[in-house]
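Please look through the sequence and the structure shown here before reading the short report that follows.

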Protein chains: 4
Amino acid sequence: MKKAKVAVLGATGMVGQQYLKLLQNHPMFTVSTITGDKSVGKRYGDAVNWIVSENIPSEFADMEVQPTKPSRVDADLVFSPLPSEVAGSAEEEFAKSGFPVMSDASAHRMEPDVPLLIAEVNLGHLSVIEEQKRSRKWDGFIVTSPNCTTVGLALVLKPLADKFGLNHVIVNTMQALSGAGFPGVPALAIHDNVIPYIENEEEKVETEVSKILGSQNKKMIAPSELAISASCHRVATLDGHFESIYLTTEKDTVITSVTEALRTFSSIPQQMKLPTAPTQPIIVRDEVDRPQPRLDRYAGSVPGMSVVVGRIRHGLDSKSLKFGIMVHNTIRGAAGGTILIAEYIVEKGMV
Amino acid sequence: MKKAKVAVLGATGMVGQQYLKLLQNHPMFTVSTITGDKSVGKRYGDAVNWIVSENIPSEFADMEVQPTKPSRVDADLVFSPLPSEVAGSAEEEFAKSGFPVMSDASAHRMEPDVPLLIAEVNLGHLSVIEEQKRSRKWDGFIVTSPNCTTVGLALVLKPLADKFGLNHVIVNTMQALSGAGFPGVPALAIHDNVIPYIENEEEKVETEVSKILGSQNKKMIAPSELAISASCHRVATLDGHFESIYLTTEKDTVITSVTEALRTFSSIPQQMKLPTAPTQPIIVRDEVDRPQPRLDRYAGSVPGMSVVVGRIRHGLDSKSLKFGIMVHNTIRGAAGGTILIAEYIVEKGMV
Amino acid sequence: MKKAKVAVLGATGMVGQQYLKLLQNHPMFTVSTITGDKSVGKRYGDAVNWIVSENIPSEFADMEVQPTKPSRVDADLVFSPLPSEVAGSAEEEFAKSGFPVMSDASAHRMEPDVPLLIAEVNLGHLSVIEEQKRSRKWDGFIVTSPNCTTVGLALVLKPLADKFGLNHVIVNTMQALSGAGFPGVPALAIHDNVIPYIENEEEKVETEVSKILGSQNKKMIAPSELAISASCHRVATLDGHFESIYLTTEKDTVITSVTEALRTFSSIPQQMKLPTAPTQPIIVRDEVDRPQPRLDRYAGSVPGMSVVVGRIRHGLDSKSLKFGIMVHNTIRGAAGGTILIAEYIVEKGMV
Amino acid sequence: MKKAKVAVLGATGMVGQQYLKLLQNHPMFTVSTITGDKSVGKRYGDAVNWIVSENIPSEFADMEVQPTKPSRVDADLVFSPLPSEVAGSAEEEFAKSGFPVMSDASAHRMEPDVPLLIAEVNLGHLSVIEEQKRSRKWDGFIVTSPNCTTVGLALVLKPLADKFGLNHVIVNTMQALSGAGFPGVPALAIHDNVIPYIENEEEKVETEVSKILGSQNKKMIAPSELAISASCHRVATLDGHFESIYLTTEKDTVITSVTEALRTFSSIPQQMKLPTAPTQPIIVRDEVDRPQPRLDRYAGSVPGMSVVVGRIRHGLDSKSLKFGIMVHNTIRGAAGGTILIAEYIVEKGMV
């Protein structure tokens, strides 16, 4: 099979680097263009402050950084880990010019004709794309991926909602440094500390999960009724957001069934054996003290793509549950999650 | 006024060290005896691995470590930061021998005739002491202090329960290293990590808060009906437990009244101007990103004795609240909190 | 005695904050003006991201930030913790306008007619000030303080040079985060890491120590012959630079005499009992594992003003020594060290 | 080729775990026995507190832990990461019983008839084995691996000694937490801190490097004359010892030749293409701020087996050099380095 050509916009940033790391030797994609802002015209290897691994993959080091403009990009599909403040208009420009745009930015996430996807949860929302193209008069289209914290939460809520019904969810997060990008959080601010605030994060989690678990028709996506309350905290870990979840269910539950529902959850990407789909989207650990970010961040058959769950127990009654989850924020929660969606889209011939 | 003579049992441990640091130049107390286990007979300065500050206060360095036996202790009152496994029987022995025992251990906390106190919250529970002495045939008595996490939580719930009525509380903690004592948590376990489990901690928080907020008669203390669900996590901070609280109230609330209720909370220790009583037991900060353990752990007029609260906002509706609190776990949550109770007891002539 | 009016230039920065913290209730100085750049016209409390302690001292919170211009400053003496790139010309402007300028910046440090001072080491270098004023046609003058790493090193070398003669010095540093200012080092860069490079730091240490230990005549300061080789590293500590020193002496040494020479070192600030002068400029600890930044950073009679030394032992022969030192980089190594010099200058009537 | 059967003694410890991780799917070895102490009789998966990766390799989880006794071990060769206090006699017992013993313990390292090996540096020292067996009347033999800090240092000194001649070496280390095993360093001790002392470490480095660079005859190994002075520090990194080296050479050097000598260094394991031999034993990086433990700990063609060097520059004159190195302490500095030696021994038919 001929590989699809993909571009990575804003490739010098932290998530941009993660994209390149994951797209190295990808069986379906080949990186044809990388774009930047201040680094345009430079060799990528000279422009980037590479921090996600020891060395820049050699196939990218010598590529020239292009401006983030449709006319300068040669690709079948565009990944956009652009910063929020520029993503909005840039992504529209690319979609208008005919590119399928896979966005990690928040700019278009909450628009009713833009799918906000987790590959195992709501691929059906792609049905609004035709309407998106039609009403916006675009040749291409925009598909968005959720905030990193949302991804772990919504993925775990999906099988529980299906099986037990959910009333409301209270989530407390302990989020990793890489979630803030680079340079991001100053060491002087977070060392020996917890910072109980991440700008706009709680709002994103609360609204995005509802949309993802919502229903769609041909024209738009309608959010679910699920009530979510989030409290977000930054802690001094490198990668891997930990989330402590308390939720109430419509039906009584027994813990073994809950564990079973999570552990056996599987969806379209697994059936299609997409390259970035982990065998188990959700891994449940039995130890009392797991998941832990450092030990579990690369869990699963595709490192960093499985959400790890542990300490499943009842809350105040048998219609409430509490447990901890851990999601690799820059892999499943960003570049990896979006690449998985792109694999589906390409495989389905939507590109 | 003549100072009361106090003994510190198990004085080489971490909380023992914190006691000595706080009892330096105390206006009401003078340390007459310090006890230990393996270090008996040694000079305290040689026996202890002093880690709570630069130097051992010189007045203690030359004291000889005594065995933890009533016959070897010359004191009006005894502080017991003994490890749980030995505290139970040792404290009973001291109480039997006529000593008022102020315990930080969990051994006797949940017994119905033993007060579990926070000085600003439930000094009334001291009424069971006569019954405790009578039924146990003790000349002395035991008064206990709660688990460090409980202290911060119950202190903050008190004014809210009084003013708005509480239905249930969901608390998520991010607890400091010093809560586990020394050596405690291995660096290899917690570095770049979150550990979502602290043995027995959740059970302690859930039962202790209910007892503290309960009612008493002359004979025993009856727990309150308040339902509490705790999830406890260890993070890499030195001191200061952070707790994220979600609770439901009986009445609708407005945030300004909640803030007011917390900020103006004051109680008997403040009225009596006890030396270790902070002017404000609860400090409310208005910044969006406070409290933070490193910045706020020594907050207040008596460093480490005030609980700091921030980000007060509604949860899912106007009968729910969420906010973060920070309590210095070895000061207000252990040695300092217990010293404050002892000041009351001595001032009231109960010793 | 009437207090001298002092201004703090660039008062919103990290060292600027440390100045204000130390100048609170200072017996000789009162802060009359604080200046800034982007924050001009704002209330200081609103302009600053205060990170050096829980709260901004209330006497400064309501002051209005002034532009860094001589005409807007009302002061007998000016402290300049300005960033290097603007310090050079700004400080000259102030000196020209008649202000005595106490600078922490590197701009003028190595000029032969500008004293580079440590209060206990080389106050004699102030003799070049007359020539500085004359030749530069200034009414005021500039006195500089060394780089934070230099301060600890030179202070400890002084008594050793005097007593044993020094040939060469090899120093390896493990420097704290606050040395890079705020935001400074990204957490993502230093977490779980050592960074073996600090821009320009090694050059500063090597040249500044020589100048400080050099000799002066009325016209200029001549560097000493002492050869110094520095390797500087950043580690994840908040405050307190640790330095591992290896040096060769002209004479054979015995360890007890070396310890004695360091421990008994005392100088003019101690004799004059200046308010910021610690009783012991150098504290020697006997434990095998000290000094440690976290335990020793506030050592001494004036917290943070003593350099702590430990593990004094021979190197390859009896004409070589090795030991570790710890200096609080933003107190003795910046604001505190400079305030001590200012106290001398004011006390001597040079202002 | 039939795989050699190997035993791992003390397999529940930290280095024991690293052995098993590296011996998974090893092309020359198959693990036939694992031994322990308190865990004897248990399933390995139940006995171990596995901390070196997400999961215990499944082929080991179900093995039964055997006592550390020759009669209970079925193997062609024995790896001994035993704790020092028991290693001495246990290893002798195994050698006496005919086993080739590959030891990571310090017990026998400095005995003149016991090789202390780094595979790329001094395999020639194996010539004393015959004498060792003869004089000790053993059917087996003991070969030792150096301390983790020594490994990195001696490996880098070897090509420099050969090409430029070395006079003396001053090394300052910043060592990782895993070097102290588990539980090892308490988080409360090292958090926000540097500990300038590691028991016996400096002595080991100073004597071991001399022996490794020494010469041998058929009967014994004679240490080299090279004088080494070490200062060892613990910092808060997980893996990867950083070492700052200052050395004097017999000849003048130019930096490009030094770089060349290190970068092109290659030895017997590379020629023999042993499975654990990295293509480049020494990797030189050109960036000003490398090596860094977090970025470089898994450098090279066999992750963790290459020592990374950077910032090569002159010291006080052209006969002195300074640079930083980073060695993965539990891979190249322990399990990996010893496995590489074992590969040589087996390949050469010495087993």
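A residue is called buried when its relative accessible area is under 20%. In this predicted model, both A:Arg332 and A:Glu120 are buried, and A:Arg332 forms a salt bridge with A:Glu120 in which the closest N and O atoms are 2.8 Å apart. Because A:Arg332 lies in helix H12 and A:Glu120 in the loop between strand E5 and helix H5 of chain A, this pair ties together parts that are 212 residues apart in sequence.

## Other salt bridges

A search over all chains finds 70 salt bridges in the whole structure. Another of them joins A:Asp286 to A:Arg263, with the closest N and O atoms 3.1 Å apart; here A:Asp286 is exposed, at a relative accessible area of 64%, whereas A:Arg263 is partly exposed at 30%.

In chain D, D:Arg43 forms a salt bridge with D:Asp62, the closest N and O atoms being 2.6 Å apart. D:Arg43 is in the loop between E2 and helix H2, and D:Asp62 is in the loop between helix H3 and strand E3, so the pair ties together parts 19 residues apart in sequence.

## A buried threonine in chain D

D:Thr33 belongs to strand E2 of chain D, which covers residues 29-36, and this threonine counts as buried because its relative accessibility is 4%. The side chain of D:Thr33 reaches the backbone nitrogen of D:Asp74 at 3.3 Å, and the residues that D:Thr33 touches, leaving aside those up to four places away in sequence, include D:Val8, D:Met63 and D:Arg72.

Terms used:
Residues are numbered from 1 along each chain as its sequence is written. Chains are lettered from A and ligands numbered from 1 in the order in which they are written. This is a predicted model: local features need pLDDT of at least 70, side-chain atom pairs count only at pLDDT 80 or more; totals for chains, interfaces and linings use all residues. Side-chain values use heavy atoms; hydrogens and water are left out. Helices (H or I, at least four residues) and strands (E, at least two) are DSSP runs, numbered from the N terminus. Buried means under 20% relative accessible area, exposed over 50%, partly exposed in between (1.4 Å probe, protein chains only). A polar contact is a pair of N or O atoms within 3.5 Å; within protein, one must be able to donate a hydrogen and the other to accept it, and residues adjacent in sequence count only if both atoms are side-chain atoms. Contact means heavy atoms within 4.5 Å. A salt bridge is a side-chain nitrogen of Lys or Arg within 4 Å of a carboxyl oxygen of Asp or Glu.
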